[in-house]
Amino acid sequence: MSDNRVYSYTATLMGSPILLKLFSNNKALASRVFRLIKQYENLLTVNRAPSQVMDINHAAGKHAVSVSRPVYELIRVAKAASMLENSAFNLAIGPLVKRWKIGFQGDSVPPADEIAALLAITDPAEVVLDDAASSVFLTQSGMEIDLGAIAKGYIADRVRDYLRKEGETLGLINLGGNIQTLGAPEGGWSLGIKTPFGGADELIGTLNVENKSVVTSGTYERFFEHDGKRYHHILNPRTGYPLDNELDSVTIISTNSIDGDIWTTLIYGMGVVKGCAALRARPDIEAVFVTKSKEVVVSSMQHFRFTLLDNRYRLTG
Ligand code: FAD
Ligand code: MG
Ligand code: MG
């Protein structure tokens, strides 16, 4: 039986601060959770060899690569999201991410002709999957898969499942933008949403959830400035430049964090009006939009409560 005290454990993995909250003093369990995350990072990273995703990328234009079942399934889901009509999500965006290097050392604005050339090798239809062999083939040389917009969501769900399997009934994992919760303490989980471009502890509001994932993606997280213009890390797969719209951030509340991760990117491409319309068909997925004009728009509020804390913003929706 767990007591009421919260025990926090931290690590740095996937270039992100990781926070695990448990309701028992169980350092051994926390270590096993961090090891699990590390194992997935080692399979999925594109930042250092070897990884199964890097193996696929290195074989682009040459041959298919068989990967472990979880990696294959994640790529299958990522491809499906990429193939949706007008999708802003593209798992084959890798060459552009690598060239821009936004959030990494050496970021710069690429010349337009280079962007055009790289765009030509980002067609998700050219990611060829073979279910029977669990293999992935990138048909053009130079193609690269990048799972940065979905992998944390997938891993957050695996951590929740692991905690449940270990007999925990309460827990929270924050992978730096992706929060997944198991159960809820009395009164629910109160989770802060950051004020875009605000100080480290500045909150625009709090979300209250139980047993839900909360994923926030924003243009204020990873960006650089050049000639007075800001370039952030969510790229428009049609132009090759950062997505330009009215949003500063979007938060998705859903059961599974993988859906939250996919939908933050999809919604970034849609904006507020189209995003709200799309979510009407998905009552299981809800969004909190924060716009540049200081509005907070809530698509619906069936599975959470939101409290606005920053009085510079107006709540609508
Ligand atoms: P999201 O909005 O969820 O995703 C944005 C990211 O998705 C971009 O950074 C890019 O990678 C990709 N992307 C951009 N545009 C699109 C698009 N249109 N469609 C699909 N994908 C797009 N960071 C480090 O600094 N060092 C590391 O060593 C490092 N290792 C990592 C290893 C793994 C396995 C993962 C999952 C992430 C790692 N990261 C690392 C962080 C990574 O580079 C991204 O910054 C992070 O995944 C972005 O997540 P987000 O939730 O902030 O943004
Ligand atoms: Mg994410
Ligand atoms: Mg995402």
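Which residues does I145 touch, not counting residues up to four places away in sequence?

**View 1. Surroundings of I145 in the predicted model.** I145 touches V46, V53, I56, N57, I75, L91, V127, V136 and L138, with residues up to four places away in sequence not counted; contact means heavy atoms within 4.5 Å. This is a predicted model in which local features need pLDDT of at least 70 and side-chain atom pairs count only at pLDDT 80 or more, while totals for chains, interfaces and linings use all residues. Residues are numbered from 1 along each chain as its sequence is written, and side-chain values use heavy atoms, with hydrogens and water left out.

View 2. Three strands in the order β3-β5-β4 form an open, antiparallel sheet (strands are DSSP E runs of at least two residues, helices H or I runs of at least four; pairing requires at least two bridges found by DSSP). β3 (65–66) and β4 (127–130) are the edge strands, each pairing on one side only. Two antiparallel bridges join β3 to β5 (residues 135–138), and V65 has V136 in β5 as its bridge partner. Helix α3 (residues 69–82) packs on the sheet, touching β4 and β5, and its direction makes about 130 degrees with that of β4 (axes are lines fitted to C-alpha atoms, for helices over the stretch in contact; angles run from 0 to 180 degrees between N-to-C directions).

**View 3. The largest nonpolar core.** This core has 78 residues, and I37, I145 and L147 have the most contacts inside it. A nonpolar core is a set of buried Ala, Val, Leu, Ile, Met, Phe, Trp, Tyr and Cys residues joined through side-chain atoms within 4.5 Å, buried being under 20% relative accessible area (1.4 Å probe, protein chains only). Helix α7 (residues 257–280) gives the most to this core, with nine residues.

Note on methods. Chains are lettered from A and ligands numbered from 1 in the order in which they are written. Buried means under 20% relative accessible area, exposed over 50%, partly exposed in between (1.4 Å probe, protein chains only).
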